[in-house]
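Please look at the sequence and the structure before reading on.

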Amino acid sequence: MKFAELEKERWQTSSVRRGRGTIIDESARIYHAGNTVIGENSYIGPLVYMRGQIKIGNDCWVGPMAQLNGEFGLEVGNNVGLGNGVIILTSEHDKTKSSGKITLAPLKSGKVVIKSNVIVGCGACIIPGVTIEEGATIGMGAVVTKNVPKNETWVGNPARKIK
Ligand SMILES: CC(C)(COP(=O)(O)OP(=O)(O)OC[C@H]1O[C@@H](n2cnc3c(N)ncnc32)[C@H](O)[C@@H]1OP(=O)(O)O)[C@@H](O)C(=O)NCCC(=O)NCCS
């Protein structure tokens, strides 16, 4: 995508499909809002940035300044907490297909799935293609590069199991 094309995109929180009781802070920026679906009683905090194909369940909390890049799909279950400043990516430039300008190289992708009852600590990052299974906890500042099994706690960069 050429950068000029991005100018045509608009953020439009009002067209997000959301369930009863869900609050989206007025400073949140949601691009491709028509592709965003949020369940009931969830909260999207100040300055959250969301883009792409994003589905968030019920009773979720998305902390201030979280960045949810869901171009290739992001699914979040119920009762999930995404801490302040969490970054989730579902795409990255494919350097092997670059004709010199890496920023214009095609994107390779990987959907991210976060199942129910998961906590992702503040400032943690999740790379494309990762699934975090139900009940897992991700420590503050972790960089999650692999799938995280059910009920485990992972911390660090790259994230590893501690519990
Ligand atoms: C990951 C976390 C849940 C672990 O809590 P805990 O189970 O009580 O773990 P402990 O404090 O007993 O720590 C266990 C070990 O992991 C280390 N550790 C804990 N959190 C860590 C982190 N975020 N990054 C790196 N190491 C961490 C501890 O230093 C300790 O190491 P040691 O055994 O060598 O002494 C917690 O530290 C954390 O990061 N919580 C996130 C809080 C947050 O961001 N909340 C908002 C979400 S909505």
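Which residues surround the ligand? They are Gly-83, Ile-119, Val-120, Gly-121, Cys-122, Thr-137, Gly-139, Met-140, Thr-153, Val-155, Ile-162 and Lys-163, where a residue counts as near if one of its heavy atoms lies within 4 Å.

The model is predicted, so local features need pLDDT of at least 70 and side-chain atom pairs count only at pLDDT 80 or more, while totals for chains, interfaces and linings use all residues. Residues are numbered from 1 along each chain as its sequence is written, and side-chain values use heavy atoms, with hydrogens and water left out.

| Residue | Protein atom | Distance to a ligand oxygen atom |
|---|---|---|
| Cys-122 | polar backbone atom | 2.7 Å |
| Met-140 | backbone N or O atom | 2.9 Å |
| Lys-163 | polar side-chain atom | 2.7 Å |

On its own the ligand has 910 Å² of accessible area (Shrake-Rupley method, 1.4 Å probe), and the protein covers 43% of that area.

How many disulfides does a search of the whole structure find? The search finds zero, a disulfide being a pair of cysteine sulfur atoms within 2.5 Å. For Cys-60, the nearest cysteine sulfur is that of Cys-122, 16 Å away.

Notes
A polar contact is a pair of N or O atoms within 3.5 Å; within protein, one must be able to donate a hydrogen and the other to accept it, and residues adjacent in sequence count only if both atoms are side-chain atoms.
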